[in-house]
Amino acid sequence: MMKMNRLPKCLHCPLFGLLLFGGLLFSMGCETLDIPNPNAPTVEQVTVQSLVTGVEAGMRLEIGIYLRVVGILGREVYYFEPADPRYTGELLFGTVDPGGFLLNRPWSARYRTIATCNFILDKANDLEPQAAAGARGFAKTIMAYQLLLNLNYLDENGIRLNFDGDLSKPFASKQEAFARIESLLDEGLADLNNAGADFAFTLTEGFSKWNLHTPAGFAKFNRAIRARVAVYQGKYNEALQALNASFLDRNGPMEMGAYYVFGTGLGDQPNPIFENPDAPFVKLMAHPTFETDAEAGDQRFATKVKKRPEPTTFDNLTSQLGVTISKSSTDPFPIIRNEELILLAAEANIGLGNLAEAQNDINLVRAAAGLSPVTLTADNAVTQLLHEKRYSLFGEGHRWIDMRRYGRLDELPVDRATDKVIDRLPIPETERSEGK
Amino acid sequence: MKTFKALFSCIALFGVLLLTSQAQAQSVTIRGKVITADTGEPLPGANIVVLGTSTGTATDVNGEFRLTLTDVSDATLVVSFIGYKTQQIKVDPSMVGEVITITMEEDVLRLNEIVVTGLATSVARRNLANAVETVKSDELLQASTQTLERALGGKFPGVFVSQNTGAPGGGISVNLRGTTTIEGATQPLYVIDGVIMNNAANQSGIDLVTKATGAGSSRPQGQPTNRIADLNPNDIESIEVLKGASAAAIYGAKATNGVIIITTKRGGLGKTRIEINQQVGFNSLLKKIGSRRFTLETATKQYGDLGAQEFQKSGGKFIDYEDVMYGEKGILSETSISLQGGNNRTQFYVSGMFRNEDGIIKRTGYNKYSGRVNLSHKFSERLDIQANINFVRSSSDRGITGNDNSNTTFGFSLGFTPSFFDIRPKNGVYPDHLFNPSNPIHTRDVLVNNELVNRTIAATQINWHLYKTHNQSLDFIINGGVDFYNQENKVVSPPELQSERNADLPGASLLATTRNVNWNLYLNLAHRYQTGNNISFSTTAGVQFEDLDKNYLLTEARGLIVTQTNVDQAATINAFQDRFLRRERGFYVQEEINLQDRIYLAFGIRGDASSANGDPNKIFLFPKASASIRLSEYKFWDSFRSLSDEFKLRVAYGETGNLPVLDAKYTSLTPNNAGGKAGLLPATRRGAADIRPERTKELEMGFDAALFNERASLSFTFFNQNISDLFLIADLPPSSGFVEEVINGGKMRTRGVEISLGLIPLNSPNLTWHSRINFYKTSSVITQLDVDPFNKGGFATFLGTFRIQEGWSPTTVIGAEMETLPDGTRQHKKLGDATPDFVMSFNNVFEFGHFDLRFLWEWKNGGAVINLGKLITDLGGTTADYDETIVVDGKEMKKGDWRLSVLGTQTAPYVEDGSYWKLRELSLTYNVPRQLYASLFGEALTHLTLSIGGRNLLLFTSYTGYDPEVSQFGNVAIGRYVDTLPYPSSRSFYFNISLGL
């Protein structure tokens with residue numbers, strides 16, 4: 001007969017059991033339930049550097065769609081996309097779909113970059129004063145530039161200046177938007193001036209190639225954008241003032257400036273404008289008037305397009321001109337560059353009646369393109385300026401906006417009977433408060 | 001955190017209770033023997049309790065017991081044993097000194113069954129206030145089953161078991177009481193011996209070959225198996241199904257889809273019993289969809305000159321590719337052995353099984369090895385422990401089936417294979433398919449899609465009787481365990497395949513490994529108190545700790561070196577990783593009151609905090625309350641007693657939750673690199689900082705009656721579930737920097753009735769017939785939607801999808817068709833509803849002489865299925881009815897041409913009625929009489945039974961696909977019943993011999 005195991009006496013005492021119960025509870029109850037996301041970082045966990053690089057990457061998001069859309073609206077280019085009729089449809093005759101991707105994808109990408117800039121502003125609070133000022137200066141400058149691109153899209157319709165997703169707040173007018181863009185740039189400049197000699201983060205070659213990657217250099221980029229914003233509003237004195245503090249250099253190369261950079265590595269993006277110019281079919285093609293309006297010997301025409309052996313016809317539109325402004329899938333694409341700044345100076349001077357100074361700048365640009373000088377008069381100055389901008393900045397997203405500013409959209413060519421020129425894009429469906 | 005800890009401390013203090021002194025009195029001893037009515041054999045392990053006290057004992061190996069009573073006057077013995085009717089024996093002084101014999105009758109209607117009502121308490125079914133279903137092993141395994149879930153089909157009202165694919169290894173949905181969510185989890189919580197068993201469906205990565213969806217897609221289509229399939233069904237003693245919130249509330253925030261409690265077998269007293277079971281059988285294709293018979297004219301029209309040329313080359317012969325592809329007779333065999341035994345102190349159950357089952361497609365199949373040891377040991381009268389451990393290794397070869405964008409799956413490829421074109425290998429050479437980018441016969445013969453799982457589940461329960469007097473007791477029950485598995489999915493698509501040869505990087509090898517550990521620990525205190533006038537109180541309280549930790553890693557290699565399969569023998573490698581961490585803490589308190597076995601009241605509350613919630617430390621409370629009254633215990637019932645000898649009314653209310661999907665709460669950043677630097681941008685989904693569980697509030701009521709002197713039983717239940725805080729994906733204005741967010745933003749109502757009728761139409765010594773008829777019906781409606789109506793679950797609107805719209809059933813099928821309402825508004829036309837109108841099942845058992853005949857029919861009435869398989873074969877020009885004519889607007893057209901001509905404007909031709917009748921289970925068993933084998937084996941054999949049977953033997957349906965039981969998207973709430981030619985269903989036949997030693 002087996003004997004019953006003799007158990008420690010404590011096992012017969014209820015109090016001991018209760019103690020054990022409580023002890024187990026206490027030791028297990030202490031583990032935290034606040035588990036960070038195991039699959040991806042959260043804002044709290046990451047460095048300013050990775051957000052800054054994220055901003056540089058975010059600025060390029062959907063920039064291909066943006067450049068195509070404003071290029072098509074300004075009758076600079078066609079985009080022959082067999083998979084999507086909208087590039088040769090609604091953009092050329094309206095009405096642009098307020099829920100469509102042509103509007104919404106670039107619009108959303110700009111605000112996504114702004115959200116990242118806001119994360120940088122939050123993070124800056126934890127940094128040393130100089131590093132914080134540098135981070136703020138960077139973030140505010142980029143936010144202003146992102147808002148400007150969306151304002152270019154919607155123009156008189158205005159944009160959203162509240163970033164909290166609250167649709168009950170009013171949509172900001174064009175004037176309010178410009179005011180915010182200006183103040184962001186000016187605050188950004190003040191921050192950059194307090195940021196010491198170097199940023200606490202590094203920027204890509206898009207800024208470092210032309211030495212815009214230090215607080216002082218980035219301040220010049222800030223002023224360049226500020227000059228564009230001032231010219232857009234006809235504030236010509238302010239524009240000249242800003243240009244003086246920018247990287248404008250009449251002796252420097254025309255391509256000097258700030259760029260989007262592209263790559264084919266993991267998580268990177270290729271240049272969306274580049275297409276193999278010798279492919280049997282290319283989608284992005286210049287408007288035929290780019291050839292017919294070109295002056296003989298204009299090197300800008302020769303380098304920015306390539307005449308193909310056969311014309312391409314798509315959706316009753318025909319062109320023979322492939323666009324070659326980007327040379328490879330890793331070619332950087334300009335954000336703003338010296339050639340535009342010289343032309344912005346010319347434009348400001350025209351606006352202020354200083355035709356002589358304007359003429360010097362315009363002829364400087366023409367000489368670089370291998371063209372002979374012109375004489376500006378009060379009558380031809382604006383037309384000449386817009387011609388030079390069209391050829392100097394072809395495909396870079398300016399023509400439609402410039403023509404609109406001067407009320408000259410009706411001068412743009414229309415190709416098909418039902419086509420018409422659209423002056424602005426609608427407020428995206430997702431940003432409207434009605435029905436919400 | 002603080003509040004949580006404080007609460008724990010409070011509960012820890014619970015248990016300081018009245019300790020009353022034991023009364024002393026003159027004691028006498030009663031001796032007795034418990035035997036069964038049908039065979040007269042002794043019944044070891046039967047419980048004998050003195051009514052109104054906690055004094056009791058159990059019978060020994062010989063069915064005998066000895067019980068010391070303090071007072072014989074007015075004492076009543078309650079004798080109970082699972083599966084038998086409880087007996088009450090009034091003690092009278094003449095019994096002292098005698099051995100009384102107590103005869104136990106079988107409880108066919110299971111009124112005395114013990115049902116678990118909490119985490120540490122149970123109650124007899126006759127008192128139960130919820131419609132809880134239970135099934136014992138013999139009923140569960142009427143017919144051989146590959147995996148456990150299949151065996152639940154048709155057995156209970158309100159439990160709908162439906163397969164996603166016929167592929168070996170499963171992929172099965174178990175739905176309890178209809179639709180309860182749109183975006184949340186859909187499968188019940190499985191608890192095996194107190195361990196929460198992981199039932200995840202892990203993707204194999206086959207999507208990367210079929211291109212059905214990208215890796216990491218939120219809607220993967222790999223039709224994975226679910227891991228509950230790993231259990232050995234033979235180990236199961238009983239299964240209890242808590243269908244709705246009112247019964248499952250004690251499981252709190254994870255129990256909205258119900259809870260399935262599985263108890264495995266235990267050791268027994270007496271001589272060690274050895275059971276040996278051997279099965280052999282085969283699988284074959286359940287139903288064909290047929291294929292078009294071409295003429296030269298139709299071949300030319302369909303495939304042009306190439307069609308004409310190939311038709312003439314083959315002489316227009318008809319090759320039945322369903323025979324070629326799905327015509328295998330897959331052999332199945334299963335060997336299982338178990339040992340059960342022990343003494344008063346230590347008892348054991350040891351089992352082993354091996355099952356091998358070939359599929360109806362060559363090179364597919366399933367095999368499983370399982371071993372289990374269940375031990376229980378009694379240290380003393382106060383302390384006993386149970387420890388169970390189970391190891392499983394299962395392997396399934398699943399082929400490549402289902403949706404596809406690369407035309408490599410068997411179904412798609414055959415859909416594009418005209419019956420006159422021969423793709424079978426000649427002299428070992430597989431001809432190139434001229435009508436499809438792949439040759440499915442070649443694919444079948446070389447592609448690998450294997451899933452290998454190694455799994456260990458260990459469970460422990462310690463019962464510590466802290467305190468006991470004649471009328472009260474306090475127990476401390478520690479219960480918990482670990483479920484660990486490692487799953488390896490290997491997919492190899494060799495470079496020599498036609499589909500790979502033309503790829504940039506021919507040949508793909510995918511290796512997905514999933515490592516999963518989850519553990520849980522429950523600490524419970526249970527106090528029972530019984531008053532002198534037979535009122536008992538059970539108070540239980542406890543806390544739970546649970547952790548889930550999963551790591552999924554998929555490596556994709558492309559450009560395989562010929563003959564190699566390792567992922568490093570390739571030109572490129574891509575990797576995807578997904579980790580899943582969830583930690584939960586909970587507590588509960590429950591009170592059950594049994595008033596003289598007439599009225600039963602239970603109420604309790606569960607609190608849960610989980611790392612998946614926006615606020616991980618917030619405790620969400622889930623209350624419950626229920627009551628039942630046995631009217632038949634009252635005098636006034638006497639006038640009805642001839643009709644109904646047992647009648648109980650019950651009502652129950654409870655709340656449960658469904659935890660947020662894991663990443664809903666996080667605002668994450670995603671890599672966006674520039675200039676060679678690593679950059680991060682916010683993801684397009686904003687974290688929902690205040691996301692909380694979906695909440696189901698259920699009220700159920702009904703009655704249970706035993707009729708005609710227990711020749712029949714009727715159970716009726718109505719339930720109403722109001723589900724609030726539904727997870728929805730809400731669009732955000734992009735100016736916020738985000739595109740969407742998960743919100744708690746909707747309400748749904750699900751109602752249903754469940755009727756179960758048990759009958760004993762015949763009960764004579766030579767022939768008995770038991771029959772159970774189940775009927776149930778559920779319907780759901782979206783009562784509030786905080787976002788715009790949206791489509792969910794299909795591929796595209798014109799291909800049929802489901803519409804989530806206020807006032808509509810969430811499983812409403814819509815398509816391209818629009819309609820104008822009288823008020824002028826345009827809306828999607830309803831094409832059907834995937835939820836069936838009702839489901840019925842008929843389970844019958846005939847016992848005559850030494851034979852048992854069992855069969856189970858299931859009838860699903862209604863329920864739409866989106867048959868895109870037919871669209872695929874239409875597009876391939878091979879649908880069986882393609883050339884049949886249909887008159888449209890007075891014009892005669894071929895059905896196939898017509899369907900394709902309206903594609904894009906009409907979806908209805910591909911939406912079909914999914915009603916069916918299925919003979920789920922059939923078995924005929926012969927219990928070989930002892931005298932026939934006694935001469936051969938002597939006393940060595942205790943029993944010998946032979947049986948034949950089958951599963952899914954017959955299917956009657958008007959559905960034109962393989963099987964209306966189908967789901968391309970797996971176990972989703974919205975989006976089941978989309979058919980894109982999965983692995984076809986099979987029927988299985990088997991012969992079984994089992995013997996006991």
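Of the 436 residues in chain A, 46% are buried; a residue is called buried if 20 or more other C-beta atoms lie within 10 Å of its own, exposed if 12 or fewer, and partly exposed in between, with C-beta atoms placed from the backbone. The model is predicted, and local features need pLDDT of at least 70, side-chain atom pairs count only at pLDDT 80 or more, while totals for chains, interfaces and linings use all residues. Residues are numbered from 1 along each chain as its sequence is written, and chains are lettered from A and ligands numbered from 1 in the order in which they are written.

Chain A has 16 helices and six strands. Helices (H or I, at least four residues) and strands (E, at least two) are DSSP runs, numbered from the N terminus. The C-alpha trace of chain A spans about 120 × 50 × 45 Å along its principal axes. Its radius of gyration is 28 Å, whereas a compact globule of 436 residues would have one near 22 Å. That radius is taken over C-alpha atoms, and the globule rule is 2.2 Å times the number of residues to the power 0.38. Among the contacts in chain A with a separation of 6 or more, 69% are between residues 24 or more positions apart; two residues are in contact if their C-beta atoms, placed from the backbone, lie within 7 Å.

Helix 3 (residues 63-73) of chain A is mostly covered, with 11 of its 11 residues buried. The buried residues of helix 3 of chain A include A:Ile63, A:Tyr66, A:Arg68 and A:Leu73. After helix 3 of chain A comes A:Arg75, with a positive phi near 55 degrees.

Helix 15 (residues 381-392) of chain A has 12 residues and reaches 16 Å from its first C-alpha to its last, close to the 16 Å expected at 1.5 Å a residue. The expected span is 1.5 Å times one less than the number of residues in the helix. Buried residues in helix 15 of chain A include A:Ala381, A:Gln384, A:Leu385 and A:Glu388. An α-helix has 3.6 residues a turn, so residues three or four places apart point the same way. The cover over the buried residues of helix 15 of chain A includes helix 12 (299-304), helix 13 (338-352), helix 14 (355-368) and helix 16 (399-405) of chain A.

Chain B has 12 helices and 52 strands. Its C-alpha atoms fill a box of roughly 105 × 75 × 65 Å, taken along the principal axes. Chain B has a radius of gyration of 30 Å, which agrees with the value near 30 Å for a compact globule of 997 residues. Buried residues make up 51% of the 997 residues in chain B. Of the contacts in chain B with a separation of 6 or more, 70% come from residues 24 or more positions apart.

Several strands of chain B pair, which here requires that DSSP finds at least two bridges between them. Strand 29 (residues 644-658) and strand 33 (residues 694-707) of chain B run antiparallel and are joined by 14 bridges, and B:Tyr653 stands opposite B:Leu699 in strand 33 of chain B. Strand 33 of chain B also pairs in the antiparallel sense with strand 34 (residues 712-724) of chain B, over 13 bridges. In strand 34 of chain B, B:Ser713 is the bridge partner of B:Ala706. Strands 33 and 34 of chain B form a hairpin with four residues between them, and B:Phe708 in the turn has a positive phi of about 50 degrees.

Elsewhere in chain B, three strands form an open sheet in the order 48-45-51, with mixed pairing. Strand 48 (911-913) and strand 51 (978-979) of chain B are the edge strands, each pairing on one side only. Strand 45 (residues 864-867) of chain B pairs with strand 48 of chain B in the antiparallel sense over three bridges, and B:Val865 stands opposite B:Glu912 in strand 48 of chain B.

The domain assignment of chain B gives domain 1 (24-107) and domain 2 (149-996); such bounds come from an automatic or database domain assignment. The centres of domain 1 and domain 2 of chain B, taken over C-alpha atoms, are separated by 44 Å. Nine residues of domain 1 of chain B are in contact with 12 residues of domain 2 of chain B. The domain 1 side of this contact divides into three nonpolar, five polar and one charged. Ala, Val, Leu, Ile, Met, Phe, Trp, Tyr, Cys and Pro count as nonpolar, Asp, Glu, Lys and Arg as charged, and the others, Gly among them, as polar.

Between the chains, 56 residues of chain B are in contact with 59 residues of chain A. Strand 26 (residues 570-595) of chain B gives the largest share of the side of chain B that touches chain A, five residues. That side of chain B divides into 30 nonpolar, 16 polar and 10 charged residues.
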